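Please view the sequence and the model together while reading.

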Amino acid sequence: MTSTDFSYPQPTDDELAAQQPRVPVHPVYASPRPDDLADAHDSAAARMDGAASAKSPTLGKVAVALSIVAMVLSLAASVILGATVGPSEAASGYYFTDTPDWYQTLATVLVGVQGLCTCVGITGIILGITAAVTGRGRTPGIIAIAVAAIAPFVSFGTFVALSFIAA
């Protein structure tokens, strides 16, 4: 290309083209040669036949199991705590320290179970993501992610609903 400033001599298009690197004989976007396809097919078959390349769906299944266990335990703890917090408050008083010792112990254990379920659910999410990305149980991994992500909302909603109903 030439400049609009004509006070200096500008190179011609041929001179500019001569300064460019040479184009390879076979462009990068060209179709592969048949012998290249045969080599690629042989190496792919060799990789697929190897025992190390077999992807087992076990990781996805473990992720689903962890997510379901976390959801069920969390839901059970929320049901017990939500159904008992209203009557306990009505009988003993507004403050947690006013409730009987057995109820304080029960509530503390149930909150601990919720914390444990949180850790198990996060582990299920991490394993589900790993399974979905690596292809080791992609569908169960996605299901595990969904279950573990929805479980806290279902559990907390159940707790709030039962605590208002039981009060």
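**Residue I129 and the basis of the model**

I129 lies in helix α4; helices (H or I, at least four residues) are DSSP runs numbered from the N terminus. The structure is a predicted model, in which local features need pLDDT of at least 70 and side-chain atom pairs count only at pLDDT 80 or more, whereas totals for chains, interfaces and linings use all residues. Residues are numbered from 1 along each chain as its sequence is written, and side-chain values use heavy atoms, with hydrogens and water left out.

I129 has a relative accessible area of 42% and is therefore partly exposed, a class that falls between buried (under 20% relative accessible area) and exposed (over 50%), with a 1.4 Å probe and protein chains only. I129 and I142 are separated by 13 residues in sequence and by 7.2 Å in space, C-alpha to C-alpha.

**The nonpolar core**

The largest nonpolar core consists of five residues: A77, L81, Y103, A107 and L110. Such a core is a set of buried Ala, Val, Leu, Ile, Met, Phe, Trp, Tyr and Cys residues joined through side-chain atoms within 4.5 Å. Two or more residues of this core come from each of α3 (58-92) and α4 (101-134), and α4 gives the largest share, three residues.

Not counting residues up to four places away in sequence, A107 touches L81 and F96, where contact means heavy atoms within 4.5 Å.

**Helix α5**

Helix α5 comprises 29 residues, 138-166, and spans 42 Å from its first C-alpha to its last, close to the expected 42 Å. The expected span is 1.5 Å times one less than the number of residues.

At A151, α5 bends by about 30°, and the proline P152 follows within four residues. The bend is the angle between axes fitted to the seven residues ending at a residue and the seven starting there. The buried residues of α5 include A151 and S155.

S74, in helix α3, counts as buried because its relative accessibility is 7%. Its contacts, leaving aside residues up to four places away in sequence, are Q114, C117 and S155.

Of the 18 residues lining the largest pocket, S74, Q114, T118, P152 and S155 are the closest to its centre. Helices α3, α4 and α5 each supply at least two lining residues, and the largest share, seven residues, comes from α4.

Methods: 1 Å grid on protein atoms, 1.4 Å probe; cavity = no way out; pocket = protein on both sides within 12 Å on 5 of 7 lines; lining within 4 Å.
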